[in-house]
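Visitor: I am new to this structure and would like to talk through its aromatic rings. Could you show it to me?

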Amino acid sequence: MDSRITPSESDDPRWIAQLKDHDDNSEQELFAVVAEYETPDAVMAACEKVRDAGFRDWDAITPFPVHGIDEAMGTKQSILPWIVLGAGLTGATVGLTLQWWTNAVGYPFLISGKPMFSLPANIPVTFEVTVLFSAFTAFFAMLGLNLLPAFYHPLFRHPRMARYSSDRFAIVIEAKDKLFDREKVEALLKGSGSIANEVLFAPAKRAALPKVFHGIGIVATLATLIPLAFIAKARFTHSEKPRIHIIQDMDMQPKFKTQAPNALLAGLWGDQRASLLPVEGTIARGEYVADERLHYGQEDDGTFVTSFPVTVDEALINRGQERYGIYCSVCHGMSGDGNGTVNQRATALARFGGKGMAWAPPARLSDERILLQPVGELYNTVTNGKNNMKGYAAQIPVEDRWAIVAYVRALQKAATVPVDSLTDEQRAELQSN
Amino acid sequence: MASHGIELTESDLRMPESLRGLGGKLMPIGAVIAIIGVALAFVGADSGFKHFQFAYLTAYAFTMTIVLGGLIWLLIQHVFRASWAVAIRRVGESVVGLVPLMLVLFLPILVPILMHDDSMYKWLNHSYAENDAEFLPNKQVVYGAYLNPTFFFGRLAFYFAILIFLSRFFTKNSVAQDETGDLATTRKMEKFSAPAIPIFALTLTFLGLDLLMSLDPHWFSTIWGVYLFAGGMMSFCSLLALLCMTYQKHGALKNVVRKDHYHDLGKLMFAFVIFWSYIAFSQYILIWYAHIPEEITFFDKRQNNGWEWVSVTLIFGHFAIPLLGLLSKHVKRHKPTLAFWAVWLLVMHLLDMFWVVMPNFTSGHVPLPFATIALAVGMLAIVVGASIRSASTKSIVARRDPRLGESMAYHNV
């Protein structure tokens, strides 16, 4: 499809008529003079001429980005980078403020001992929000600066436009330019290495946006405020109703809770329990209790055992020491004095006015009351917990629990030895630490 | 595309005498500065052979990462069939071709450890490894299978073999094309650059792991190789910009290298400032958050006893300040300001390596940096001198590369 237009062809009045808008009723006016070029080099050279002639309302159309054409056209640097910089800084501020407010002010929550507001933890989100704001702003501001999206532009009527987006180049000088003078412009472009010049007409009056769209726009803008209004209302009012479950899957899982009834099974087993009873005469894996003293630390009559149901040797105590270090020392302290790191932190927080905080300090393990407890009772505390302390049955296997009890006994011994009974060497050693 | 038809004359291809002279002078000057550095290691509070060893390793890590940054830069140009860099590629290649020289410069590190000096690499000492293995049972495997002297030296030989091969392959072929003008050479380099990149990446990672990470055998970080790559690439681009400016100051490359090339180098410097920070921060936050004793020691050392000031200097000097400084296009297109930031980043890269290596020497305080600085400056001067010397024996532009015209006419805005 070679439809090369020669300049003589473009002088043809039919050609110009064709460039008029189809709407014959409307009054036509001169829109622009268009010149066509074959190569990027040619259009670049022509751009330099137009630029030097001082025109402002003009543009070059190329099917692909031509390196260096900005300079040739004398285009000023876009303000887009500054807009994006502003958006990026806003994003960083928003990201950081959001985290600071939610973590340290709105809903303070202690996570693995880190400060409520600590910069390292907040960098990733800040970074992401910065990028998000910058990227969106870059995209939309670019569209805005280019007056896009545009549903109509007089150039779209130009039959050669298809070529300008595939293999030809063009310069368009619009009639609204202050320096525009049809003859002069045509002469300038003819002498600029173009292979064709055309004059483009467009309706004098552009069709306006139908009124109804204004209405739709206003309503849509107002509608976006509705969710915000709801959020604001929710923040400042109280409600007895259960909260709205936005992510249903998490909150309402299709499963039966342990103590809930199950109507489905009722017909089959005649029993409405969600958890079925074990089949008569069977026992679940891992639930077999061979030795009740070992397992529960109790005699048949329910009193606590007073002797260890396991052999106590050095290996057991060492194991106990290690497990104690892992599970108990955070609260009870390495020496069992009840002042582990959790306690230190909690007392510190309480001192600085932790809001509504009540702290029951962990027990001192060498208290006389605890000294007198039988081993079975200590074992029971570790297994099932006591008052404010929770049980560790789920985390610590039976043998390890006994090992810990053995070690607690050792700690108690160590804490209750009278100073007088120590040899000089032992004292020296203790003082050296 | 839009080649404005620049014709290269013979004088554009040859290195001016004054520049060649500078190259010749730089090597002895560098050697003298390095010797001063050696002497400085033996004065002051921390004086001694051990100080020399650590300072030398810092300087070496600084220079080596720059040369290897150059190698990966070159591979990336080829794999992307990049045209912009063709005009400055030969200048870069003259640095990349120096991997054999880096092997020679490695000897002062290698010889003592070959003679069973374990003051830098503690694990070379048998009893250390054994005691430690008892203390940390899961490290036993590491000491036995990986960190043992025989395997260590074997690996080093292997890394250098790979690196020398890669650097030779790409520099030799490029020079060969000057004579033949063969398009197949370009295609061969492009094709081979793709598998070369993962090979290089693994080599750099393991080299960094063996030379730097094993200084603290308890510590490990899986992002280590990337960290070194980021710093190296940033510093190489800085060095390349400075080299091109030096060439031009002596009248070379004046029709060939334009603002647009500096602009692109500046963009790479800027990008790798950010990339380094991104990697450094990723490494930091994971270790900080998990707070595992084995890992946290690395940052613990660097946050106490004065090292915290070095760390803070890095955050600002290696990230925040150059980030803002290099942001503007005008800075990147203006030679003097770009030169300023290039020097700045090189200094920061040296500080980074100091921060990586030196806490293993004295974690209790920050040692005086003068020995390290003199050694690093000396070594860099030797490398730059050698690169100019090696460039002087051939055309200073890859003159028959098919994309040269495009590169010279390249516009950036």
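**Rings and their neighbours**

Guide: To begin, the charged end of Arg155(B) lies over the ring of Phe151(B), at 4.4 Å from its centre. Please note that the model is a predicted one.

Visitor: And Arg302(B), which ring does its charged end sit over?
Guide: That ring belongs to Phe298(B), and the charged end of Arg302(B) is 3.7 Å from its centre. Phe298(B) is also part of a cluster linked by ring pairs, together with Trp219(B), Trp224(B), Tyr227(B), Trp276(B), Tyr284(B), Phe299(B) and Trp355(B).

Visitor: How many aromatic pairs are there over all chains?
Guide: The count is 42 aromatic pairs over all chains. One of them joins Phe127(A) and Tyr278(B), whose ring centres are 5.7 Å apart.

Visitor: How accessible is Phe127(A)?
Guide: Phe127(A) has 37% relative accessibility, so it counts as partly exposed. Tyr278(B) is partly exposed as well, at 44%.

Visitor: Changing topic, how are Phe136(A) and Phe140(A) arranged?
Guide: They form a stacked pair, with 6.1 Å from centre to centre and 25° between the planes. Both lie in helix H6 of chain A; they are four residues apart, so about one helical turn separates them. Phe136(A) is partly exposed, with a relative accessible area of 46%.

Note on methods
Residues numbered from 1 in each chain as written. Chains lettered and ligands numbered in written order. Predicted model: local features only at pLDDT ≥ 70, side-chain atom pairs only at ≥ 80, totals over all residues. Heavy atoms only, no water. Phe/Tyr/Trp six-rings, centres within 6.5 Å; stacked < 30°, edge-to-face > 60°. Buried < 20%, exposed > 50% of the residue type's maximum accessible area, 1.4 Å probe, protein only. Helix = DSSP H or I, 4+ residues; strand = E, 2+ residues; numbered from the N terminus. Lys NZ or Arg CZ within 6 Å of the ring centre and 35° of its normal.
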